[in-house]
Amino acid sequence: MNIYKEILSRDKKRVAILIDPDNNSPESLDRIVHNCNESHVDYIFVGGSLVVTNIAETIGRIKEQTSIPVLIFPGNVIQISELADGILYLSLISGRNPEYLIGQHVVSAPGLKKSGIEVIPTAYILIENGKTTSVEYMSNTIPIPADKPEIVVATALAGEMLGMKLIYLEAGSGAAKSVSLKIISEVKANTGIPILVGGGIRSREDAVMIFSHGADLIVVGSAVEENPDIIQEICDAR
Ligand code: 1GP
């Protein structure tokens, strides 16, 4: 399977459910995976800014219960497992911390090559949402101000020109406000690669608006942890 080719085909809007291994008991994990199957979720992402649970155990448990592709959404180099189908190889290009631009990649690249999982280079762009997020704190980077869409566009363009395959517009997990529709539509108008949007998406209405302004794939985590039954509602927005 080539996950990137599928996303690139843009034949439909897609939904990814993000599972943070630390935030779910085995029972709640199983319930989320069950609901993902029922709702035909497109991808399951696994990871977080700080994960202390063994990520391979979580991915193994998910893979036993579903054929939905599992992608690692890593906060750092220890969040890697060959049990996954692929990894969003995030370069945090909104920030100026070399560790998250290239340092962690140098450490992880040889192991990733050996694992054979699909590696998808992703321009990861953190946008301010009114409160300090875990990504901001853990990466020691400053998000792009929410009222500066031109900086977001320039950053996304730079990522595309550097050869990255996806643009991920991130408000941060549990964000009070998701990425603005203005930012999404301006990035869409100025770039040509698929756009992922995540952080603070909590309802079908949010998802519909974000899709209609240019997102190809949305990522939902916190809302699902609070209520796994919201998965169907979110998927209905596709
Ligand atoms: C976080 O974009 C993801 O990195 C998902 O955010 O937990 O707010 O859905 P939420």
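**How the ligand is held**

An N or O atom in the side chain of Tyr168 comes within 2.9 Å of an oxygen atom of the ligand, which counts as a polar contact (a pair of N or O atoms within 3.5 Å). On its own the ligand would expose 300 Å², and the protein buries 97% of that (areas by the Shrake-Rupley method with a 1.4 Å probe).

A word on the source: this is a predicted model, with local features needing pLDDT of at least 70 and side-chain atom pairs counting only at pLDDT 80 or more, while totals for chains, interfaces and linings use all residues. Residues are numbered from 1 along each chain as its sequence is written, and side-chain values use heavy atoms, with hydrogens and water left out.

Now for the wider surroundings. In all, 14 residues surround the ligand, each with a heavy atom within 4 Å of it; Glu170, Ser173, Gly174, Gly221 and Ser222 are the closest. Strand 6 (166-170) and strand 8 (217-220) each give two or more residues to this shell (strands being DSSP runs of E, at least two residues, numbered from the N terminus). Sorted by class, the shell has five nonpolar, eight polar and one charged residues; here Ala, Val, Leu, Ile, Met, Phe, Trp, Tyr, Cys and Pro count as nonpolar, Asp, Glu, Lys and Arg as charged, and the others, Gly among them, as polar.

Methods:
Polar contact = N/O pair within 3.5 Å; in protein donor to acceptor, adjacent residues only side chain to side chain. Helix = DSSP H or I, 4+ residues; strand = E, 2+ residues; numbered from the N terminus.
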